[in-house]
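These are my notebook entries on one structure.

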Amino acid sequence: HKVTATGTVTIDTTGGTESESHTLRIVNNGTAIINFSSKFLFPSGGSPNLPTASGAISLISFPVHRAGASGISTQLLGGASVNFS
C-alpha cells in the first residue's frame, strides 16, 4: 500500500485476517509528520521516528497478530525501515 503524506497523518487500518502481512510505503509530499493508531505495536514500545522532509520514503511492514472483533482490539506487529531517499 502506498501513502502519500502531507502535514500530520495518522495511519490506521480496518479489517484484515490473522497472520496476513502488509507493507506500507510512505512517501512525504512536503513536510510530513506520521503517527500510528494504537493498533500498531512496535518492538521499542513506541512508534518509529520517521523522517519529516519532503521526498523521504519509509517502509512499515506488519503482520496482523490479532484481527479485531466485538470487544477485541486489532493488533498489528510493525517493523520499520526508514529514509530511503
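I began with asparagine 83, which is partly exposed at a relative accessible area of 43%; buried means under 20%, exposed over 50% and partly exposed in between, with a 1.4 Å probe and protein chains only. Asparagine 83 lies in the segment after β6 (79–81); strands are DSSP runs of E with at least two residues, numbered from the N terminus. Its phi is near 60°, a positive value in a residue other than glycine.

I note the source here: the model is predicted, local features need pLDDT of at least 70, side-chain atom pairs count only at pLDDT 80 or more, and totals for chains, interfaces and linings use all residues. Residues are numbered from 1 along each chain as its sequence is written, and side-chain values use heavy atoms, with hydrogens and water left out.

I then turned to serine 19, in the loop between β1 (2–11) and β2. Phi of serine 19 is near 80°, again positive in a residue other than glycine. Serine 19 counts as exposed because its relative accessibility is 59%.

Next I looked up asparagine 28 in strand β2. Is asparagine 28 buried or exposed? It is buried, with a relative accessible area of 5%. Its side chain reaches the backbone oxygen of proline 51 at 2.9 Å, and a polar atom of that side chain lies 3.5 Å from the backbone oxygen of threonine 52. Leaving aside neighbours within four places in sequence, asparagine 28 is in contact (heavy atoms within 4.5 Å) with residues including Ala5, Ser54 and Ala56.

Of its 16 residues, Ile11, Leu24, Ile26, Ile34, Phe36, Phe40 and Ile60 touch the most other members. The largest share of this core, five residues, comes from β2. Beyond four places in sequence, isoleucine 60 is in contact with residues among which are Leu24, Phe42, Leu50 and Ala80.

Last, I looked up the largest pocket, with a volume of about 160 Å³. A pocket is an open set of points on a 1 Å grid over the protein atoms alone where a 1.4 Å probe fits, with protein on both sides within 12 Å along at least five of seven lines; lining residues have an atom within 4 Å of a point. The volume is the space filled by probe spheres set on the points, which are joined across faces, edges and corners. Of the 13 lining residues, His1, Thr13, Thr14, His22 and Phe62 are the closest to its centre. I noted that β2 (21–36) and β4 (57–66) each supply at least two residues of the lining.

Technical notes. Helix = DSSP H or I, 4+ residues; strand = E, 2+ residues; numbered from the N terminus. Polar contact = N/O pair within 3.5 Å; in protein donor to acceptor, adjacent residues only side chain to side chain. Core = buried A, V, L, I, M, F, W, Y, C linked by side-chain atoms within 4.5 Å.
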